[in-house]
Amino acid sequence: MTIEAPITKVINIINAAQESSPMPVAEALDRVLEILRTTELYSPQLGTKDEDPHTNDLVGGLMTDGLRRLSGNEYILSTKQPHHLPSHLTTPLSLNDIPPRIAQTMEAEDSWDFDIFNLEAATLKRPLTYLGLKIFSRFGVCEFLNCPEATLRSWLQVIEANYHSSNSYHNSSHAADVLHATAYFLCKERVKQSLDPIDEVAALIAATVHDVDHPGRTNSFLCNAGSELAILYNDTAVLESHHAALAFQLTTREDKSNIFKNIERNEYRTLRQAVIDMVLATEMTKHFEHVNKFVNSINKPLAALEENGGNSDEESVKSVLTSPENRILVKRMLIKCADISNPCRPLELCIEWAGRISEEYFAQTDEEKRQGLPVVMPVFDRNTCSIPKSQISFIDYFITDMFDAWDAFADLPNLMQHLDNNFKYWKGLDERKLHSLRPPPE
């Protein structure tokens, strides 16, 4: 029995077809073979986009895994936080004990336009524990895991305590925001048809932990700096590997916060696998691979079925939506969209997030210059950066295609409307040659 990779089979089919093809077709197939023999089949090759340094830097900075590296730069993460819960943290005993002011800010949490920054302020920068309690309760997570609410609360506190409140962007408010988007997507009809309860629970857990202990620096920075984490993970998906691994270490360290302690072994294995897969899917080097697989394996077959006479048989649709491979693709796409949904939020929220991520990138550039490290994203220099330009590039390059595909699947007209408004807002600032988040007061 010969074991062949799918790509080998494809190449063999093309070779066979070439033998009986007219010359122009045979030559075209030669070019096809050339392309197929590259390893990165899903990552677009960046053309010489020298005219747009924003796209270059953003894409380069987010999509290289520290390939630009200086040897001998030892850098130990200075933001080592204790991986345990500070004793001064007291939070509610249960959902019923949530202070009324906080409960009030969470009333609209099932709406897309929910204001996470109100909750951040009301909870004194502890939004993840409170929003987590509310959302996990709405999805019946404790019942599914057979764990007491006190265990869940303790777990949420431990996870939140291991986010760095000193980061301007990658803090527990970002995690709470991603959890909020994840819960919102899980309620969409198509998503519900595709996923099982265990997938939903995995998605909510993955969203909660997906950036835990983020140092506020990119993978490229950590690799260039020769940080402990980069060495531990061999410069490969450094942060995402760390978030996933630490999440399980923190969870299983103590019984009182171990939300998995009462579930059956096989169920735990399945859940663990799904959480790890989703957290690793947030790594941007694989962005185009995930989006393209989703479009080709799910959206295109669904569209073809719908064309076949409008009343496409439910069985075929169901088999596309629920095959194990496709459920994995849906979960990856869901957390990816939740993770970078800022440009699809109402304008005021979108502007706040843009300011926060820019500040984090500025701080990284400052530090790279101080330490004599390669500057990964030179456009993010706080003295010269155009925030509107960087947002336009990010939307053009990463957001538009992904959310078009996600919208085609999950039906999200409100998000697409916000995206359009926000894009026009940044374009308007850029046309006025403004570099700031907002126009100057009249």
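**Aromatic pairs and a partly exposed valine**

Visitor: How many aromatic pairs does the rule give here?

Guide: The count comes to 20 aromatic pairs, where rings of Phe, Tyr and Trp (its six-membered ring) pair if their centres lie within 6.5 Å, and planes under 30 degrees apart count as stacked, over 60 as edge-to-face and the rest as tilted.

Visitor: What makes Phe-362 and Phe-380 a tilted pair?

Guide: Their ring centres lie 6.2 Å apart and their planes stand at 50°, so the pair is tilted. Phe-362 lies in helix H19 (residues 347–371) and Phe-380 in the loop between H19 and H20, so parts 18 residues apart in sequence are tied together.

Visitor: How do you know whether Phe-362 is buried or exposed, and Phe-380 likewise?

Guide: Phe-362 has a relative accessible area of 8% and is therefore buried, and Phe-380, at 3% relative accessibility, counts as buried too. This is a predicted model, in which local features need pLDDT of at least 70 and side-chain atom pairs count only at pLDDT 80 or more, while totals for chains, interfaces and linings use all residues. Residues are numbered from 1 along each chain as its sequence is written, and side-chain values use heavy atoms, with hydrogens and water left out.

Visitor: Which residues do ring pairs link into a cluster?

Guide: The cluster holds Trp-112, Tyr-184, Phe-185, Phe-294, Trp-406 and Phe-409.

Visitor: Why does Val-295 count as partly exposed, and what does Val-295 touch?

Guide: Its relative accessibility is 22%, and therefore Val-295 counts as partly exposed. Val-295 sits in helix H16 (residues 287–307) and, leaving aside residues up to four places away in sequence, touches Lys-300, Pro-301 and Ala-405, a contact being heavy atoms within 4.5 Å. The C-alpha atoms of Val-295 and Ala-405 are separated by 6.5 Å, although the two are 110 residues apart along the chain.

Note on methods:
Helices (H or I, at least four residues) and strands (E, at least two) are DSSP runs, numbered from the N terminus. Buried means under 20% relative accessible area, exposed over 50%, partly exposed in between (1.4 Å probe, protein chains only).
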